[in-house]
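I opened my notebook for a new structure today. These are my entries, in the order I looked things up.

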Amino acid sequence: MGLRDAARYAAHQLGQTGALAATAGHDRPDQGGPIRIDRLYPDAHLARAVREVRVHKTPWDHDAVEVVFSRRLFVQGLRREVEPVPPPQWAFVPAA
């Protein structure tokens, strides 16, 4: 079923726009400035269990990304008892 970006799921399905915060490049304008490059990708069933994605500021060059899962939905996802999160519309390539 493929992988899903936990932060995009949290932002678009749960309304947590802070999940898409930049995680690197805060002090490096010479490298393009702040950008979100640290990501977590659960599979399509486990993505259904995502409840919150937090970006924690750190003193290092990359901020920490924390994904909070529902334990019940995570177990159901492992057992494939929940519907998978469909791929985003932009992921589809039209047939030639």
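Among contacts in the protein chain between residues at least 6 apart in sequence, what percentage join residues at least 24 apart? I looked it up, and the figure is 59%. I also noted that this is a predicted model.

**Entry: the whole chain**

I began with the overall layout. The protein chain has 2 helices and 2 strands. Reading from the N terminus, I get the order α-β-β-α. I then boxed the C-alpha atoms along the principal axes, and the box is roughly 45 × 40 × 20 Å. The chain has 96 residues, and 33% of them count as buried.

Next I checked the surface. The protein chain exposes about 6500 Å². Carbon and sulfur atoms supply 55% of that area. For charge, I found 13 positive and 11 negative side chains. The centres of these two sets lie 7 Å apart.

**Entry: helix α1**

I turned to α1, which spans 6–14. Which residues of α1 are buried? My list reads A6, A7, Y9, A10 and A11. Their cover includes β1 and β2, the latter at 64–69.

At its start, a side-chain oxygen of D5 comes within 3.0 Å of the backbone nitrogen of A7. After α1 comes G15, and its phi is positive, near 75°.

**Entry: V50**

I moved on to V50, which sits in strand β1, residues 50–56. Why does V50 count as buried? Its relative accessibility is 0%, so V50 counts as buried. I then listed its contacts, leaving out residues up to four places away in sequence. V50 touches A6, Y9, A10 and L14, and also P42, V67, V68 and F69. Two of these names, A6 and Y9, were already on my list of buried α1 residues. I also took one distance: V50 and P87 are 37 residues apart in sequence, and their C-alpha atoms are 15 Å apart in space.

**Entry: R4**

My last stop was R4, in the segment before α1. R4 is buried, yet it has no salt bridge.

What I did find is a backbone partner. A polar atom of the R4 side chain lies 2.8 Å from the backbone oxygen of V85. Leaving out residues up to four places away in sequence, R4 touches L40, Y41, P42, A44, A47, V85, P86 and P87.

Conventions: Residues numbered from 1 in each chain as written. Predicted model: local features only at pLDDT ≥ 70, side-chain atom pairs only at ≥ 80, totals over all residues. Heavy atoms only, no water. Helix = DSSP H or I, 4+ residues; strand = E, 2+ residues; numbered from the N terminus. Buried < 20%, exposed > 50% of the residue type's maximum accessible area, 1.4 Å probe, protein only. Lys, Arg positive; Asp, Glu negative; His and termini not counted. Salt bridge = Lys/Arg side-chain N within 4 Å of Asp/Glu carboxyl O. Polar contact = N/O pair within 3.5 Å; in protein donor to acceptor, adjacent residues only side chain to side chain. Contact = heavy atoms within 4.5 Å. Areas by Shrake-Rupley, 256 points an atom, 1.4 Å probe, with all protein chains shown as cover. Charge placed at Lys NZ, Arg CZ, Asp CG, Glu CD.
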